[in-house]
Amino acid sequence: MPKKVDHEARRQEISEALWRLASTRGLDGASLRDVAAEAGISLGRLQHYFRSKDEMLLFALQHINRLAGERIRARIEALPEEPTPREVLRACLSGLLPLDEKSRVGVLVGAAYFARAVYDEPLRAEAKNGIPQLRALFADQLRRAAERGELPPERATEDEAMLLISLVDGLSTYVLLDVHDPRTALRLLDLHLAQLFGTDGAEAADGAGDAPASYGDGSGAGADAALTSEEGAAPPSRPGEESAKAAGRA
């Protein structure tokens, strides 16, 4: 009998081949022929799964965003059973930083998409899609913190949430440029959270974010397939896990 091929899995493998190329030469430097060779298939076979480069790019962006959300979900699940808003925020924000080689590749690919999305409407729409949800969910965590007396009420705003997102974007850029190393980026994130929550910074945020985050994006050999989310999976129920879903769309 003919071997059954998992169409979705093969599309994901092609996406991961694209990411490996994009992390070293950008998206414009990765032709369909190059991606096919990297994936170990013929150009004709690749075009069986993607009719055009634009279709492949859009699918790969959606896939990498899903995996980013799964990575952050794992960080939240490693927190105490009832994490505080500050712990949820730190898990999400540190999960967006390039703290190890896999996450660095993921952020490099994201930067390549950003450069192209400025001029490509479908990619720009997809890249922008998660930002309002992420901002709203971070703002919700800030409001929860204010209600618990852990944060001055005037800091519990969507503007403050957007500043957190912007801080991580800036720190990620500086890690890629070797202005900061990952440990310094994490220290600066903790410093800002200490200032935001009105503490002296002596109390370290709890545990899960201290170790480097694994991106789980499929880039490179031996990627952790366990981070891949499946369509129709049950939604998260722990506090802050909706933030993980939104973070994956940002």
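# Notebook: salt bridges, rings and surface

I began with the charged pairs and counted 16 salt bridges, taking a salt bridge as a side-chain nitrogen of Lys or Arg within 4 Å of a carboxyl oxygen of Asp or Glu. Side chains of opposite charge can pair when their charged atoms come close.

I noted the ground rules next. This is a predicted model, where local features need pLDDT of at least 70 and side-chain atom pairs count only at pLDDT 80 or more, while totals for chains, interfaces and linings use all residues. Residues are numbered from 1 along each chain as its sequence is written, and side-chain values use heavy atoms, with hydrogens and water left out.

**Overall fold.** I found 11 helices and 0 strands. Helices (H or I, at least four residues) and strands (E, at least two) are DSSP runs, numbered from the N terminus. Of the 250 residues in the protein, 44% are buried. For burial I used relative accessible area: buried is under 20%, exposed is over 50%, and partly exposed is in between (1.4 Å probe, protein chains only). I then looked at contacts, meaning heavy atoms within 4.5 Å. Among contacts with a separation of 6 or more, 74% join residues 24 or more positions apart.

**Helix 1 to helix 4.** I looked up Glu 8 and found its side chain in a salt bridge with Arg 66, at 3.9 Å from N to O. Glu 8 belongs to helix 1 (residues 7-25) and Arg 66 to helix 4 (residues 53-77), so this pair ties together parts 58 residues apart in sequence. Glu 8 is partly exposed at 35% relative accessible area. Arg 66 is also partly exposed, at 24%.

I then looked up Glu 55. Its salt bridge is with Arg 11, and the closest N and O atoms are 3.8 Å apart. Glu 55 lies in helix 4 and Arg 11 in helix 1, so here the parts tied together are 44 residues apart in sequence. Glu 55 is partly exposed at 23%, whereas Arg 11 is buried at 14%.

**The ring pair.** How many aromatic pairs does the structure hold? I found 1. Its members are Phe 50 and Phe 59, with ring centres 5.5 Å apart and planes at 55°, so I logged the pair as tilted. The rule pairs rings of Phe, Tyr and Trp (its six-membered ring) with centres within 6.5 Å; planes under 30 degrees apart are stacked, over 60 edge-to-face, and the rest tilted. Phe 50 is buried at 0% relative accessible area. Phe 59 is buried too, at 7%.

Which charges sit over the ring of Phe 59? The charged end of Arg 11 does, 4.3 Å from the ring centre. That of Arg 66 does as well, at 5.9 Å. The test needs NZ of Lys or CZ of Arg within 6 Å of the ring centre and within 35 degrees of the ring normal.

**Other charged groups.** I checked Asp 34, which forms a salt bridge with Arg 25, the closest N and O atoms being 3.2 Å apart. Asp 34 is partly exposed at 30%, and so is Arg 25, at 43%. I also noted a network of salt bridges linking Asp 28, Asp 54, Arg 116 and Asp 120.

**Surface.** Last, I looked up Tyr 119. Its place is in the loop between helix 6 (101-117) and helix 7 (121-129). Tyr 119 is exposed, at 74% relative accessible area.
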